[in-house]
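Biologist: I am new to this structure. Could you please take me through it?
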Amino acid sequence: AQSILVQSRIRGNFARRDFQLEKSAAVVLQCAIRRHTSQVEFSQLKSAVKIQSWMKMIWARRSYFNLKIQVEKIQHAYRGHVIRKNYLRLRLGIQEIQAGIRGKLARRNFLEEKSA
């Protein structure tokens with residue numbers, strides 16, 4: 001009876017040891033598989049982030065150039081307006097000067113004809 005009890009305990013110890021080895025091996029495999037899966041997911045996520053970043057850059061660049069074109073159109077229109085306004089002011093000033101000179105010449109001619 002004692003020998004059966006000793007054999008039973010030894011078999012139990014061997015079984016526990018084998019179970020612990022299998023359990024630790026399973027944990028190591030699970031850890032390796034999780035690590036690999038995480039690395040693959042991270043690599044895919046990293047690639048997705050790079051693509052998103054690239055697309056954001058393209059959209060931002062397009063938006064910038066469209067805004068730049070719109071600003072240049074506004075500047076062009078405003079500068080044309082200012083130049084036309086200055087031109088009209090100068091033209092009116094020149095017309096006033098010409099009218100004054102013509103008036104003076106007409107008065108002079110009139111006085112010369114009147115006195116002659």
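Biologist: How many helices and strands are there in the protein chain?
Modeller: The protein chain has one helix and zero strands. Helices (H or I, at least four residues) and strands (E, at least two) are DSSP runs, numbered from the N terminus. Please note that this is a predicted model, in which local features need pLDDT of at least 70, side-chain atom pairs count only at pLDDT 80 or more, and totals for chains, interfaces and linings use all residues. Residues are numbered from 1 along each chain as its sequence is written, and side-chain values use heavy atoms, with hydrogens and water left out.

Biologist: What box do the C-alpha atoms fill?
Modeller: Along the principal axes, the box is roughly 165 × 15 × 10 Å. The radius of gyration, taken over C-alpha atoms, is 49 Å, whereas a compact globule of 116 residues would have one near 13 Å. That globule rule is 2.2 Å times the number of residues to the power 0.38.

Biologist: Is L45 buried or exposed?
Modeller: L45 is exposed, because its relative accessible area is 52%. Buried means under 20% relative accessible area, exposed over 50%, and partly exposed in between (1.4 Å probe, protein chains only). Of the 116 residues in the protein chain, 2% are buried.

Biologist: Which residues make the nonpolar surface patch?
Modeller: V6, I10 and F14 make this patch of about 270 Å². Patches are made of residues with over 30% relative accessible area and no salt bridge; like charges are joined within 9 Å, and nonpolar side chains (Val, Leu, Ile, Met, Phe, Trp, Tyr) within 5 Å. Areas come from the Shrake-Rupley method with a 1.4 Å probe; for residues, only the protein chains shown count as cover. V6 lies in helix α1 (residues 2–115).

Biologist: Turning to charges, how many salt bridges does the structure hold?
Modeller: It holds one salt bridge, a side-chain nitrogen of Lys or Arg within 4 Å of a carboxyl oxygen of Asp or Glu. R17 and D18 form a salt bridge at 3.9 Å, N to O. R17 is partly exposed because its relative accessibility is 47%.
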